[in-house]
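Good morning, colleagues. Please look at the sequence and the model on the screen while I go through a few of the local features.

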Amino acid sequence: MKAKRFIAISSVILFFIVVWFSHNRYYIRFSTLDSLLWMNNSASGYSSIQAYTLIYSIPFLIFLNHIFFPDSLVTIVRSTKRVMVYRKISMQIIIAAFLFSTLHMLVNLLFTSLFMDWDLLKETKFFFACFVNMIALTLFYTSIGIIYRYIYDLNPSSGIAIFLSYLAIGILFFIEKLFIPPGVWEPLKDLVVLPYFLEGKWMTSILTFVYLRQLVIITVYYLVGSSVFLRKDFI
């Protein structure tokens, strides 16, 4: 179990490093504010909405499946407290989302610190921005994990559940991209914490609303998912 988790964590770190350099290999030549903003812009790149949804979603779900093994059906069938079992599953999703988001942040912190001027990073509050962004990402990937679990409980195939979860996130991304006008809120717009802080568009107080909105979404998903889990037949 420990070896499998170590491989999963190492693979995610390597994945993030490859993505980071593939997106930032040009900008790291210049230690300027423009380069830092381009490296962390919300449209494309390592810390963009597109990356969070279309690039990282499947790796996260695979990571979730390797960090925590599938539940024992015998244990669930015999359990008289399915609510407690579902809470345990939800906590595993939160832990996996936190680990995944933390690794994403650490790779960004490490390599940005190596190539960018420290005075620039302090001036833009880059380290604080990365931290609060990590919390937002943890909430976002918790939502994805609960969606995955909901689909898995309806059809116990991890492959199908991963595909349908990714399809749902992808559809949401393209709906937001093509049909939602600027200024209208939708869930993916809360994934702009890092670039907006670096550009000075957001203050700390706005984070309260971002986190609350994401927590409401998680709560709704949790309630829907738990109702399906509690009625599920384990045969």
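To begin with a question: is glutamate 199 buried, partly exposed or exposed? Glutamate 199 is partly exposed, because its relative accessible area is 35%; buried means under 20% relative accessible area, exposed means over 50%, and partly exposed lies in between, with a 1.4 Å probe and protein chains only as cover. Before I continue, this is a predicted model, in which local features need pLDDT of at least 70, side-chain atom pairs count only at pLDDT 80 or more, and totals for chains, interfaces and linings use all residues. Residues are numbered from 1 along each chain as its sequence is written, and side-chain values use heavy atoms, with hydrogens and water left out.

Let me turn to the charged pairs. Side chains of opposite charge can pair when their charged atoms come close. Here a salt bridge is a side-chain nitrogen of Lys or Arg within 4 Å of a carboxyl oxygen of Asp or Glu, and the structure holds 4 of them. One of these joins glutamate 199 to lysine 201, with the closest N and O atoms 3.0 Å apart.

Another salt bridge is formed by arginine 149 and aspartate 153, whose closest N and O atoms are 3.1 Å apart. Both arginine 149 and aspartate 153 are buried. Because they are 4 residues apart in helix H8 (residues 126-154), about one helical turn separates them. Helices in this talk are DSSP runs (H or I, at least four residues), numbered from the N terminus.

Lysine 189 also forms a salt bridge, with glutamate 176, and there the closest N and O atoms are 3.3 Å apart. This pair links distant parts of the chain: lysine 189 is in the loop between H9 and helix H10 (193-198), glutamate 176 is in helix H9, and they are 13 residues apart. Glutamate 176 counts as buried because its relative accessible area is 13%.

Serine 42 is located in the loop between helix H2 (33-39) and helix H3 (49-55), and at 26% relative accessibility it counts as partly exposed.

Two other lysines follow. Lysine 2 is in helix H1 (residues 2-24) and is exposed, with a relative accessible area of 77%. Its C-alpha atom is 9.0 Å from that of isoleucine 67, which is 65 residues apart in sequence. Lysine 125, in the loop between helix H7 (118-123) and H8, has a phi near 55 degrees, a positive value in a residue other than glycine. At 56% relative accessibility, lysine 125 counts as exposed.

What about helix packing? Two packed helices are described by the angle between their axes and the distance between the axes. Helix H6 (residues 82-115) packs with helix H11 (residues 204-231) at an angle of about 135 degrees, the axes being 10 Å apart. H6 is therefore oblique to H11, since angles under 35 degrees count as roughly parallel, over 145 as roughly antiparallel, 65 to 115 as roughly perpendicular and the rest as oblique.

Finally, leucine 167 is in helix H9 (residues 158-178) and, at 39% relative accessibility, counts as partly exposed. Thank you for your attention.

Technical notes: Axes fitted to C-alpha atoms, helices over the stretch in contact; angles between N-to-C directions.
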